[in-house]
Amino acid sequence: VDPENVAAAQQGDALALDQLLDELAPYVRRLCARIAAFREVRES
Amino acid sequence: VNDPVALPDIDPIDRLAILAAALPGAAVGQRRIAAPFEAVWRVIADLEHATPRYESGVAHVRVIEQRGEHLRLLVQDPDGREETMDARLRPGWCLMQSATVVIAFAARRLGRETLLAHLEHQRVQAPLPRRSQPHDRRAALAKIDQELHTIEKLAAHYGR
């Protein structure tokens with residue numbers, strides 16, 4: 001993640017935020033998938 | 001769940017909700033449009049011809065640069081004032097911004113119909129008396145409703 005892009009998004013640059021969502025989504029998705037898999041194992 | 005790579009991208013309607021959360025004061029409306037996704041998106045993507053037909057604040061739009069999904073637009077209001085906008089356009093997602101405004105459209109396929117969401121955010125707002133603010137917000141939401149209604153009519157026409 002480009003820190004300049006983060007700063008631009010924080011200052012209201014909507015296209016920078018859009019770019020940031022593209023970059024962060026795979027990470028958040030992996031994180032959520034692991035949490036879901038962990039819960040599935042624990043609750044089975 | 002076991003193959004995150006195969007999971008789809010963020011749904012455009014969800015992406016618009018995230019954008020709205022990051023832009024305090026943004027006005028957002030959505031409408032279930034009785035036209036297929038392709039017809040609705042043909043209207044949104046036709047920035048030069050369709051935008052002046054549903055957006056009263058725009059007289060002319062010209063695409064002056066395009067690199068893949070990224071566009072630069074020259075937008076003229078009815079009084080002849082010009083503004084440059086940067087945009088990102090792909091099926092289901094259109095985001096445009098200038099120094100004064102952020103505009104977004106997001107579409108989700110609903111069988112033979114389409115859910116279309118629209119966001120407008122004014123960056124530069126003159127200080128207004130507190131009492132007039134709810135009225136302005138209602139006016140902004142009414143404007144969005146009207147635009148979505150017009151887009152539905154245009155989509156019926158474009159879909160023929």
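This is a short walk through chain B and the place where chain B touches chain A.

Okay, a bit of housekeeping. This is a predicted model, so to speak plainly, local features need pLDDT of at least 70 and side-chain atom pairs count only at pLDDT 80 or more, while totals for chains, interfaces and linings use all residues. Residues are numbered from 1 along each chain as its sequence is written, chains are lettered from A in the order in which they are written, and side-chain values use heavy atoms, with hydrogens and water left out.

Let's start with chain B on its own. You'll find four helices and seven strands in there, taken as DSSP runs (H or I, at least four residues, for helices; E, at least two, for strands). Going from the N terminus, the order is α-β-α-α-β-β-β-β-β-β-α. Chain B has 160 residues, and 42% of them count as buried, meaning under 20% relative accessible area with a 1.4 Å probe, protein chains only.

Now, the interface. On the chain B side, 20 residues are in contact with 15 residues of chain A, where contact means heavy atoms within 4.5 Å. Between the two chains we count four salt bridges, each a side-chain nitrogen of Lys or Arg within 4 Å of a carboxyl oxygen of Asp or Glu. One to look at: B:R15 and A:D18, at 2.5 Å, N to O.

So which elements of chain B give two or more residues to the side that touches chain A? They are α1 (12-22), β4 (82-90) and β5 (93-97).

Conventions
Buried means under 20% relative accessible area, exposed over 50%, partly exposed in between (1.4 Å probe, protein chains only).
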